[in-house]
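Hello,

Here is the structure I promised to pass on to you. Have a look at it first, and then read my notes below.

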Amino acid sequence: MAGRKRKVQDLAVATAAVTHKESDLVLLRTKSERNRRASAKVTSQSVPCESVQRFEPERSHYFNGEPRRRLEQDFYSQPCISLAKAFLGKVLVRRCADGSELRGRIVETEAYLGGEDKASHSAGGKRTERNTAMFMKPGEGAAVLLRSLEPLQGQSAMRKLRAARRQEGARQLKDKELCNGPSKLCQALNIPRCFDRRDLASDPEVWLEADESPPKPQDIVSAPRIGIESHGEWAKKPWRFYLRGHPCVSVVNKEAERRSLSVNAADSSDP
């Protein structure tokens with residue numbers, strides 16, 4: 001994400017398209033210059049799923065295994081910032097070549113509006129091979145970056161995939177460390193660069209499912225985006241959203257949490 005984020009090649013999984021970077025998965029869904037719809041952004045180094053040992057399903061205690069509804073096109077038809085918040089609590093699913101499925105609940109996102117948003121890869125409407133997905137139907141350059149997931153199913157396989165990108169002999173990762181960053185979640189779910197420009201509403205290998213109990217407004221923290229300090233005023237925009245108190249959030253912002261608590265308290269006292 002950051003200057004560092006800008007140096008890697010982008011991979012984007014869009015509801016109608018996706019982009020290239022070397023560490024971020026982008027679910028792109030945008031609308032118009034003023035009512036942009038978003039998607040999400042993410043990249044990765046991947047290991048073929050078929051090369052990963054088949055494990056007995058390992059699930060978070062939050063996951064009850066009941067079928068969930070796949071999110072369809074109409075869900076993605078929201079303005080970018082609204083969609084970035086709506087992603088929280090939704091479940092990203094990756095079906096591997098052997099038929100097994102890896103699942104993670106989205107706990108942190110960032111919105112990039114394109115156009116005048118200087119921190120966006122599509123700032124100024126500039127189109128490149130890397131950000132093509134951000135402009136695909138009905139795109140206008142806006143995107144939502146998935147920053148962190150809570151692993152729900154397939155943690156053993158996720159550890160195997162993450163280990164392939166780490167030094168030999170490194171300590172075993174805790175569950176909360178498997179997907180707490182854009183490139184980490186791509187590695188853990190084996191999302192390769194060839195997933196660029198996939199359609200989340202219809203793709204058989206990657207999709208989003210509805211959450212059982214959506215987070216309440218007071219559970220969502222709005223904070224500045226990460227790693228874009230060189231972009232002046234745009235670095236201060238509170239367009240990173242995460243679930244308050246969740247252990248899988250990549251970076252906690254105490255000041256933003258205090259501020260949002262004050263805002264919620266003021267709102268609740270309003271007649």
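Among the contacts in the chain with a separation of 6 or more, what percentage comes from residues 24 or more positions apart? The answer is 68%, where a contact means heavy atoms within 4.5 Å.

Before the details, a word on how to read them. This is a predicted model, in which local features need pLDDT of at least 70 and side-chain atom pairs count only at pLDDT 80 or more, while totals for chains, interfaces and linings use all residues. Residues are numbered from 1 along each chain as its sequence is written, and side-chain values use heavy atoms, with hydrogens and water left out.

The chain has 6 helices and 9 strands; these are DSSP runs, numbered from the N terminus, with helices being H or I of at least four residues and strands E of at least two. Of its 271 residues, 54% count as buried. Buried means under 20% relative accessible area, exposed means over 50%, and partly exposed is in between, with a 1.4 Å probe and protein chains only.

In helix H5 you will find glutamine 187, which counts as buried at 13% relative accessibility. Glutamine 187 and methionine 158 are 29 residues apart in sequence, and their C-alpha atoms are 7.8 Å apart.

Lysine 118 counts as partly exposed, at 48% relative accessibility.

Now for the rings. The structure holds 4 aromatic pairs. Rings of Phe, Tyr and Trp (its six-membered ring) pair if their centres lie within 6.5 Å; planes under 30 degrees apart are stacked, over 60 edge-to-face and the rest tilted. Tyrosine 76 and phenylalanine 87 form a tilted pair because their planes are at 55°, with ring centres 6.3 Å apart. Tyrosine 76 is in helix H2 (residues 73-76), and phenylalanine 87 is in the loop between helix H3 (80-86) and strand S4 (91-95). Tyrosine 76 is buried, at 0% relative accessible area, and phenylalanine 87 is buried at 0% too. Ring pairs join Phe75, Tyr76 and Phe87 into a cluster.

Two rings have a charge over the face (NZ of Lys or CZ of Arg within 6 Å of the ring centre and within 35 degrees of the ring normal). Arginine 198 lies over phenylalanine 195, at 3.9 Å from the ring centre, and lysine 237 lies over tryptophan 234, at 5.0 Å.

In the loop between H5 and strand S7 (206-209), asparagine 190 has a positive phi, near 50°, although it is not glycine. Asparagine 190 is buried, with a relative accessible area of 3%. Arginine 197 lies in the loop between H5 and S7 and has a phi near 70°, but arginine 197 is partly exposed, at 32%.

Enjoy exploring it!

Best wishes
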